[in-house]
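User: Hello! I am new to this structure and would like to see how its labels follow from the numbers. Could you take me through it?

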Amino acid sequence: MKMKRHHVIRNFYLALIYLFLYLPIFVLIALSFNSATYSMVWKGFTWQWYQTLFQDVDLWNSALH
């Protein structure tokens, strides 16, 4: 019984670590589709930031060379 409790505690601890590491990434991805200038308030869905990103010639030049 003690061994099973050890596994539960270990798995819970690992879940907290993964949540700490991956939650900011998921929040960043979700908020990257926000149409607001400042992402603390949701204003609606948009592709604007990705269109700007992929149309940036200097960024493409630096990525490809």
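Analyst: Gladly! Let us begin with Thr46: apart from neighbours within four places in sequence, Thr46 is in contact with Phe33, Asn34 and Ser35. Please keep in mind that this is a predicted model.

User: How far apart are Thr46 and Asn34 in sequence and in space?

Analyst: Thr46 and Asn34 are 12 residues apart in sequence, while their C-alpha atoms are 5.9 Å apart in space.

User: Where is Thr46 found, and why does Thr46 count as buried?

Analyst: Thr46 sits in the loop between H1 and H2. Buried means under 20% relative accessible area. Thr46 has 14% relative accessibility, so Thr46 counts as buried.

User: Why are Phe33 and Trp47 called an edge-to-face pair?

Analyst: A pair of aromatic rings is described by the distance of the centres and the angle of the planes. Rings pair if their centres lie within 6.5 Å, and planes over 60 degrees apart count as edge-to-face. Phe33 and Trp47 have 5.2 Å centre to centre and 85° between the planes, so the pair is edge-to-face. Phe33 and Trp47 are 14 residues apart, both in the loop between helix H1 (2–31) and helix H2 (48–54).

User: Are Phe33 and Trp47 buried or exposed, or in between?

Analyst: Phe33 has a relative accessible area of 18%, which is under 20%, so Phe33 is buried. Trp47 has 49%, between the cut-offs of 20% and 50%, so Trp47 is partly exposed.

User: What makes Phe45 and Trp47 an edge-to-face pair?

Analyst: Their centres are 5.6 Å apart, within 6.5 Å, and the angle between the planes is 85°, over 60, so the pair is edge-to-face. Phe45 has a relative accessible area of 54%, which is over 50%, so Phe45 is exposed.

User: Which residues do the ring pairs link into a cluster?

Analyst: Ring pairs join Phe33, Phe45, Trp47 and Tyr50 into a cluster. The structure holds seven aromatic pairs.

User: What is the secondary structure of the protein chain?

Analyst: The protein chain has three helices and zero strands, and its elements run α-α-α from the N terminus on.

User: How does the radius of gyration of the protein chain compare with that of a compact globule?

Analyst: The protein chain has 20 Å, whereas a compact globule of 65 residues would have a radius of gyration near 11 Å. The C-alpha trace spans about 60 × 35 × 15 Å along its principal axes. Buried residues make up 9% of the 65 residues.

Note on methods
Residues are numbered from 1 along each chain as its sequence is written. This is a predicted model: local features need pLDDT of at least 70, side-chain atom pairs count only at pLDDT 80 or more; totals for chains, interfaces and linings use all residues. Side-chain values use heavy atoms; hydrogens and water are left out. Rings of Phe, Tyr and Trp (its six-membered ring) pair if their centres lie within 6.5 Å; planes under 30 degrees apart count as stacked, over 60 as edge-to-face and the rest as tilted. Helices (H or I, at least four residues) and strands (E, at least two) are DSSP runs, numbered from the N terminus. Buried means under 20% relative accessible area, exposed over 50%, partly exposed in between (1.4 Å probe, protein chains only). The radius of gyration is taken over C-alpha atoms; the globule rule is 2.2 Å times the number of residues to the power 0.38. Contact means heavy atoms within 4.5 Å.
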